[in-house]
2 protein chains.
Amino acid sequence: MRPFMAEVDLNKAYRLLNVGGTTLVSAAYNGVSDIMPATWACALDLAPTKATVVVDSSHFTRPLMEKSGYFSLQLPTAAIVKETMRLGAVSKFDMPDKVEKSGAKLFTMPGFDMPLVEGCAAWMIFKILSEPHNQNQYDLFIGECVAAWSDTRVFSNGHWHFEKAPADLRTLHYVAGGHFYTIGEPLVIEGILPEED
Amino acid sequence: MRPFMAEVDLNKAYRLLNVGGTTLVSAAYNGVSDIMPATWACALDLAPTKATVVVDSSHFTRPLMEKSGYFSLQLPTAAIVKETMRLGAVSKFDMPDKVEKSGAKLFTMPGFDMPLVEGCAAWMIFKILSEPHNQNQYDLFIGECVAAWSDTRVFSNGHWHFEKAPADLRTLHYVAGGHFYTIGEPLVIEGILPEED
């Protein structure tokens, strides 16, 4: 396990996606792997967490997902915004060493062969629930979360606490054209909902 | 049109959803309407914008969406965080005047009958693309955007500019248990991607 990395309860992993950060998607098949940014990723269910992600058929990552049946969603932070941009600026079809040249530092977790990127706030691995119509018609993939980890400096016990960590650990929220926002300040509203852990 | 409200190009409306803000969903059918928060909303396509939203079958809003074939996605701001919480704290099945009691101020736009909420950063109206399997199996709805408006103090010309507006116009990003983050500061990375408008 990396420094500060700890497992996340699969029934609370959806909260990693709730704040709406841009993701990095990775997949691997038969010794070939790729990593690409995807802004269109979203929680779909809890207990256990499911999620959707849109991956166009033009991407090198897509057949790796389809053939392996797995993908990761990771939440890059401000610390690796340039690596994130470089992973999205060019396709591995056009630059076979795109990932190496991006500057992203990679690792894997036991039992899973897709590359994960250091400097993310969280890492989730999903098993694809095959839905050919969604995949073909909308480039939409549905996955069930089978493993999740967070950087405990920003997420632990089912909650984010960005405000207690260095600013460069904040998640990235992409607009377009190299323009992101980082996640901002907490706003806690008490007395309306019943207590929840 | 409300003060500061202007139309958004339907081919750029996906950028309203890109930053990952929590939404308010509204729908109306036969004179009955409802509004509820939904964290699990996401862009799906561009030109024109499509989006997904997860609305569980227990919600009063759901049959209004199914019967009318339309729903809205709106982006509440910090200014209306309490109204947003109140709209999610109770079902209209249990409290028929829930919307009135929430404190949310409503309006409609010509040609559309669902209530929209003042104080949002953006408002989008979607026509449902019927996908019974997704709706029944995953509570997942797909819509094509047919109208979109933004508060020009925070979004204009296809880009967000929260940093130039009052802090209470920032979007809300829900975690759980009454705990939100607002969107933070811009981060612009130049020289990696080609210029985009």
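Colleague: Let's start with Cys42(A): is that residue buried or exposed?

Modeller: Bear in mind that this is a predicted model, where local features need pLDDT of at least 70, side-chain atom pairs count only at pLDDT 80 or more, and totals for chains, interfaces and linings use all residues; side-chain values use heavy atoms, with hydrogens and water left out. Residues are numbered from 1 along each chain as its sequence is written, while chains are lettered from A and ligands numbered from 1 in the order in which they are written. Buried means under 20% relative accessible area, exposed over 50%, and partly exposed in between (1.4 Å probe, protein chains only). Cys42(A) has 6% relative accessibility, so call it buried.

Colleague: OK, and how many disulfides turn up over all chains?

Modeller: You'd need a pair of cysteine sulfur atoms within 2.5 Å. The sulfur of Cys42(A) is too far for a bond, because its closest cysteine sulfur, in Cys42(B), is 4.8 Å away. Cys145(A), buried at 2% relative accessible area, has its closest cysteine sulfur in Cys42(A), and at 14 Å that's too far as well. The search of the whole structure gives a count of zero.

Colleague: How are the two chains related, and what kind of axis is that?

Modeller: Chain B lands on chain A with a rotation of 180 degrees and 0.0 Å of shift along the axis, RMSD 0.0 Å (least squares on the C-alpha atoms of residues with pLDDT of at least 70 in both copies). That relation makes it a two-fold axis.

Colleague: What percentage of chain B's contact residues recur in chain A?

Modeller: Contact here means heavy atoms within 4.5 Å. Both copies use the same surface, and the share of chain B's contact residues that recur in chain A is 100%.

Colleague: Which residues have the most contacts inside the largest nonpolar core?

Modeller: A nonpolar core is a set of buried Ala, Val, Leu, Ile, Met, Phe, Trp, Tyr and Cys residues joined through side-chain atoms within 4.5 Å. Leaving aside neighbours within four places in sequence, Trp160(B) touches residues of both chains, including Val175(A), His179(A), Tyr181(A), Leu75(B) and Phe155(B). The largest core has 92 residues, and the most contacts inside it belong to Trp160(A) and Trp160(B).

Colleague: What's the phi of Asp139(B)?

Modeller: Asp139(B) lies in the loop between helix 5 (132–138) and strand 10 (140–151) of chain B, and at 17% relative accessibility it counts as buried. Although Asp139(B) isn't a glycine, its phi is positive, at about 60 degrees.

Colleague: Last one: which residue's backbone nitrogen does the Thr22(A) side chain reach?

Modeller: Thr22(A) is in the loop between helix 1 (14–18) and strand 2 (23–29) of chain A, and counts as buried at 2% relative accessibility. Past its neighbours within four places in sequence, Thr22(A) contacts Thr39(A), Pro76(A) and His173(A), among others. At 2.9 Å, its side chain reaches the backbone nitrogen of Tyr174(A).

How values were computed. Helices (H or I, at least four residues) and strands (E, at least two) are DSSP runs, numbered from the N terminus. A polar contact is a pair of N or O atoms within 3.5 Å; within protein, one must be able to donate a hydrogen and the other to accept it, and residues adjacent in sequence count only if both atoms are side-chain atoms.
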